[in-house]
Amino acid sequence: MSEHALLRVEGLTVGFNTEQGPVRVTEDVSFELKPGHTLGLVGESGCGKSVTAQTIMRLLPSPPSRIDAGRILFEGKDLATASQREMQKIRGDRIGMVFQEPMTSLNPTLRIGEQIAEPLMLHRGMKRAQADEEVIKVLKQVGIGNAERRLLQYPHELSGGLRQRVMIAIAIICKPQLLIADEPTTALDVTIQAQIMELLKTLQKDLGLAVLLITHDLGMVAEMCETIAVMYAGRIVEAGRTVNVFAKPHHPYTYGLLNSSPRRAKKGQRLPSIPGLVPPPDARGGGCSFAARCSNALERCRTETPPLVPQGNDAAACWNPIP
Amino acid sequence: MGDTWKRFHCDRLAMAGLVTIVVFAMAAIFAPVIAPYNPSEQFFDGLTLEGSPLPPSWRFWFGTDTNGRDQFSRLLYGARTSLLIGIVANGIAVAVGAALGLVAGYLRGWTGAAIMRLTDLMMAFPPLLLAIALAAILKPGLNIVILVIALVNWVQIARVIYTETVALSEREYIEAARALGAGNLRILLRHLLPHLIPTVIVYATLGIATTVLLEAMLSFLGRGVQPPTPAWGMMIFESQSYFLNAPWLVFIPGAAILILALAFNLVGDGLRDALDPTQRGRG
Amino acid sequence: MTALLEARGISKFFPSRDGKGVVRAVNDVSLSLATGETLGIVGESGCGKSTLARMLMRLIEPSEGQVLFEDEDLVSLPKSAMRQRRRDIQIVFQDPYASLDPRMTIAQIIAEPLDIHGIGAKAERAAKVRELIALVGLDPSAAQRYPHEFSGGQRQRIGIARAIALEPKLVVLDEPVSALDVSIQSQVLNLLDDLKTRLKLSYIFISHDLSVVQHVSDRVAVMYLGRIVEEGPADTVLGAPRHPYTQALISAIPEIDPTKRKAHVLLTGDPPNPENIPQGCPFHPRCPIAQELCRVEIPAFVTSGGSRARCHFAGRA
Amino acid sequence: MLRYLAKRLAASVLILLGVSIVTFGLTFMIPADPVTMIAGRNSTPQMREQIRVQLGLDKPIPEQYARYLGRLVTGDLGISYARKSEVAPLVASRLPPTLLLMLGAIIAELMIGLPAGIYAATRRGRFGDKAAMTLSFLSVSTPQFVLGLTLLYLFAYLWNWFPLGGYGKISNLILPALTLGLAGGGWYSRMMRSSMIEVLRNDYIRTARAKGMSEWRVVMKHGFRNAILPIVAMIGLDVGIFMSGVVVVENVFGWPGIGQLMWQAIQSLDIPVIMGVTIVAACFIVLGNLIADLVSPLIDPRIRLR
Amino acid sequence: MKKLLFSAVAALTLMAAAPLAMADAPKQGGQAIITFNNDLTTLDPQVGYDWQNWSVIKSIFDGLMDYKPGTTELEPDLAESYTVSDDGLTYTFTLRDGVKFHNGRPMTSSDVKYSFERAVNPATQSPGGGYFGMIAGYDDVAGGKATTLSGIETPDDKTVIFKLTRPDATFLHLMAINFGYVVPKEEVEKAGADWGKNPVGTGAFKFVEWVPGQSIKLERNKDYYKPNTPYLDAITFEFGQDPTVAVLRLKKGEIDIVGDGIPPAQFAELTADPANKDLIVVGDQLQTGYVTMNVTQPPFDNIKVRQAVNMAINKDRIVRLINNRAAPANQPLPPAMPGYNPDNKGFAYDPEGAKKLLAEAGVGEINTELYVMNVDPNPRIAQAIQQDLAAVGIKAEIRSLAQAEVIAAGGSGKAPMVWSGGMAWIADFPDPANFYYGILGCAGAVEGGWNWSRYCNKALDERAAKADSMVKDDQKDARISEWKAIFDDVTKEAAWAPVFNEKRFTYHSDRLGGDPALFTDPIHIPVNYDYIYAKDAQ
């Protein structure tokens, strides 16, 4: 791994205290992101990708969540051990974040302008009037016309696409180094999805942002990310350059994921699918969590957890990888 | 059902509440056996020579009241009245309020509007006056107290249930039931009512204390339970001006109300959790 | 081939939020479905596809028009007769979380249609429920559990089991896989396909996901702002779209292949609010090929090769 | 907005009309003959007949109601039996103290309920939460007359912090307002707690945190405004709830409001006063609800008045 | 024609002598604060009819007659003197010189005439108009046929002549009753409906202001016709003061008199405190607490049942229940009332005897209702009575209601038994007649009347009428002994069960001085404000 990574996550293990005792939601997650680059963190619901993103921002309430192991090095500083006060300085300033639900992620009772200006007021000590200029600028940057009027509107007066643009404006207004986008287009219509995707690409280019894209949509990763990390049941099962992973997945899960999409299937044929279900965090035993659903599983897979090791052009965590 | 009980059983606070209620209920039922004296007997030596009530002593555990009666016995018998008022009056109010709120919220339209305007009217109308008038028309007594409290208390729960029903009616599983061909009655009883149970329980249990206090309020207006029948609210009311000189007269029945209310509250919380299947498998 | 279901000019008008005007959620839609066929309906949120689906089974009363099911007008059916008729038309909802009553066990949920229509004795119903649970691929132990104990895909199977319990002729599938993960999505789509063959079902399949619709549908209707803008055989409509909106939809889908990054036909702006439908062709403000004509005149359907499109310039883009 | 207001006002008039009918009907059922009450102990039959005619009690009931309503519209609430003076100015002179007391009680409620609720919500499940909720439960369950007298004894008599009675100064207001508002404060702390917990689950709270706000600012700026909405709706209803409370509290504290007036009128069955107070109280309850409805969209712009 | 001449000076010397007993000599100045729980309803003397109103009205207004302070002895007030004709049908009053209304206008005989007409005129709705039924022309005015009383003549500004239709020994008392107090016509008419809130009289104190629900302020009438009276510069009545709180305030020195008396809860503690020895004054009042039994309905139409009830009630215990603030009563009349017969022992407490009587009556099981006003201590007393009745086999359910409802139930004859406490009967004037007609005679036994027993004995009514026609001075004793006989017979008839005669305990601050009798004045309840004084007056 290169030394000049902007963000480096090492062996991150996050647990929750539940009534039934502690449960681990992510285990030994490691990846890195260079300045100006894009990493796609892919996986299905419950795989731990959102937990990972929120842990980087230290947004998960603690208790019940806690970091059991690992480091989160951002610009050389370990966020895993940072105090809340230190985190408050980084959030919104050095790292911006966009969430999945633009409908609910904006405060319904505050005007758009106020909400966008907040990070400036917090981190730059600006007054509202001062901030407004910046806000108008950033609104134009995220493609919202008629910015002066929009400032005074409330979130419910905007469409979903506009709201997501507002969210992005909030995330980038302090010109962060890193943007974490957690399923930024999932809740949007296809045509709007495409718009937002274009916007993210443009911004990344213009601002030199590093983007950590959390998504379940392989198509989005294919379009946007240089590198990809596939998560399954709390672990990264495959990681590498996007082109390589898509062209030749080594982990059977990645393979199944890619093929079960109807976009790749032939009409009238049965869709290739992965049988079974994702095991919930409290039901992950020893061994590979995917073993129960895997057609290539070996005896070893059920007892020993495979490490993420280089496979061909990328890395996979599998005892019996697809060659 | 067994599952519900099992989970309720594991809730220690709820069990404590239940035990308290059972103890109170037992005390009420077996009052004639437990009570050392007749609750209405005014002892000649139950007052000092100056006519002041006696403080707690070996003879009168909780002291005597201003008529020279044994307060412990009155408290036991008063539990009968207060439990009856708390459970029956509040029960009627909750049942009526929930039923009307449910119907209004599900049917909306003309029926719903009529019911909701009735609640508006009731809200704008001081319950005091209603109490006075009702007690004037009918013979004052326990029945009136129950009736008045029921009439006054149904309004709020009706409104809450209405709002919740309106929200619930928008749920997709209601539409799903209709798509299956379910009729109104089935949807009301099978799909709406069970979801309202937690709210109903909360109101039914939280209402106990306020109901018992309302009974005291009615006594304050001379519309309460008629003497010498003991009731906790009335016991406090009768002696309220003695709170400095004979504090036991106010604070002992006050504590009884509080403990009972707390117990019902705990049971309500426990029941709500135990009845919720989404909590299942976690406890 | 006679139509199993035929909608004739159905519309739904709601009073607008400010109480002054009318929202035309669905506007003069006609379509038909043959027995054994799957009709896909695609469109973005707010285009009226869900309202249309609900009108087709009279969960929402149409403001205008007729819905003929086996040549019987459902709209004019008395309520009790309609409740009986529901045996033949069932629906599977998008949200497997919201459409199952959280306070009922799976057995109760699946048995409910049987209860309502008084089918079979108690034991028979229980047997039928077991059969259905097995049919949709759930474990028999599921019967006594509650919906929240299941994952999304399993819940959708429960919803499907409930919908087919009455052995309906038509099942309306309202975004049945949108809330599911990709790996689960394919399982459910396969299940639907199996059931269709086994139970001789007809489907109306509503989705915003073109690739899913393309995969399952015989014919496809594309909706925009309450109207059908293009309709025809799935391969024709999605393979060679003639309406610029359909073209844009297809173009917006990211390709699952990092080597084939394509230039999207980006539509500007958001779909307009149904409360405020533009004059002329409703699509013209976002249309890349709109001309003066589009601003004034609502296009009629232009039929070509089994498909029809509502565009003045259909197929010319 | 104007349309809404007109609609609401029309509905309010209907409610008040309903109240007037019910009040009129109920007071007729009270078995105290107004003539006896006016005529007193030394009346003669001829005097009684005179009074009956003067009051219009010889007329059929619908006509009596029509006359009553006619007078009501002009603001005439009739003549008090006991005082032989007009009810309207009587009620009017007693209204300001009661409104002041209610205002004080609402402030007390909010000053107790909101901080306690917020505190409990942010310490959810911990000791502070449980302690606050136990206290709130106690305050809901304490009889007002006991509370009032206890406060008076401790703060006014024993410790001399406040005057024992009277009216006119802020120091006079504090104890009665506290007595009237404490129970409501208990309710509000519970409501605020659950409302705040609900609000803090929202995505926009996470957004606020992601901006780098301190937890305190997140709660106060983004949480508070959204969490207070259900309470605003409740404040409108408080007026109605207080109407019973003021009878007790005003009696204990010698507060010269309509609660005292009502209590005296009830004791002497001074029906015109009872009816007058009821109607005026109903007006304020309706007004309170209307204000709450009008304020809600100011707090949450999503709410539209229809 | 015999002329009775009272010297006003005599009364004053009596008063001058009394304070000598006190350590401080009365000084003019200072002020007093008196609290009441209930706001006053009116200060219109022709309308006000409860003791709180009366106490204030008596200080603002005057009548032709009054009582010597602290006693029940009549003396002329606004009248300087009067004469009575031999047939007792004509009373001639000569008015005092120099009496001015608070507005400065001298009072004349036409004011007197106006005031009485006002009381009788039905438009006034005076609850006391009926008291003046013996004045000629009453029926016409009361019936709305005339507005002037033909029986009152005013030959000149200083003379008022009353012509009566029947001789009435209580007439002079009626001249001292509030309903006959003199009001200035021009002020009454000017104020209209607000007159009751803006009183203008001739009395010792001048009305200053009334803040509804809060206070009434009076100030010394500097032009009062009695020299050096009153002592206090100002009196403030504060309303809405719970007596429990008022006691605390008095202890703190914030107020001077707890107008409602000492609340039962604090009574024992306060009286036990030696510091209060001089501050709590005990006095008699013209009050009897009794239980009425409706004699028109079974079982109380049976005299044996009524007697049994009389014997069943343990009066000593009830007296203790109210902290010994009363003396057991054995007849309707209170001991302080002329006509009280100390030899009339009534019915002694004898439950066994009561049971025997009930058995003799043979009425079987008795289930009845006892109405009671719902203000402490009355429900407690009712419960004590209930227990006593139960002990002899009479089951009485308690109906604890608001005052007005109990009065209504009694007046309509609906209530089989009523405990009178808190409502009736404090005599309006100190004469046995005032304890008969309305509450034990046929006149009161009508719908809406106050004779809740509905006891109507024509023979006794005739004897009463005869007694009251004895108006001459030398017939006074004969009249009183006839009343004694009447009440002895009433007692035997047992229409009531007299329970106790309440005493008055007035708790006042150390700042106030005056003859203890002033603090328990039987007429000016609770306190005769005109003669008390402030020790700290400068």
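A salt bridge is a side-chain nitrogen of Lys or Arg within 4 Å of a carboxyl oxygen of Asp or Glu. I used this rule in the first entry below.

**Entry 1: salt bridges between chains C and B**

I worked on a predicted model. I asked how many salt bridges the rule finds across the interface of chain C and chain B. The rule finds four there. I then looked up C:R54 and B:E172, whose side chains meet in a salt bridge with an N to O distance of 3.7 Å.

**Entry 2: polar contacts and the elements involved**

I next looked up the polar contacts between chain C and chain B, and the count is 10 residue pairs, both residues of a pair being at pLDDT 80 or more. Which elements of chain C give two or more residues to the side that touches chain B? They are β6 (89–92) and α3 (106–116). The largest share of that side comes from α3(C), which gives five residues. By class, I recorded 13 nonpolar, six polar and nine charged residues on the side of chain C that touches chain B.

**Entry 3: extent of the interface**

I noted that 28 residues of chain C are in contact with 22 residues of chain B. The area buried between the two chains is about 2300 Å², and carbon and sulfur atoms give 56% of this area. Which residues of chain C lose the most area to chain B? I found C:R103, C:I116 and C:H148, which together make up 28% of what that side buries.

**Entry 4: a sheet in chain A**

I turned to chain A, where four strands form an open sheet in the order β2-β1-β4-β5. The pairing in this sheet is antiparallel. The edge strands are β2 (21–33) and β5 (77–78), each of which pairs on one side only. I followed β4 (residues 65–74) to β5(A) and found that they pair in the antiparallel sense over two bridges. In β5(A), I identified A:K77 as the bridge partner of A:F74.

**Entry 5: confidence**

For the complex, the predictor gives an ipTM of 0.79 and a pTM of 0.82. I also looked up chain E, whose mean pLDDT is 86; 95% of the residues of chain E reach 70 or more. Over residues 1–23 of chain E, however, the pLDDT is below 50. Beyond near neighbours in sequence, this stretch has 27 contacts in the model. Where pLDDT is low, predicted coordinates should not be read in detail.

Technical notes:
Residues numbered from 1 in each chain as written. Chains lettered and ligands numbered in written order. Heavy atoms only, no water. Contact = heavy atoms within 4.5 Å. Buried area = accessible area lost by both parts, 1.4 Å probe. Polar contact = N/O pair within 3.5 Å; in protein donor to acceptor, adjacent residues only side chain to side chain. Nonpolar A, V, L, I, M, F, W, Y, C, P; charged D, E, K, R; others polar. pLDDT = per-residue confidence, 0-100. Pairing = 2+ DSSP bridges.
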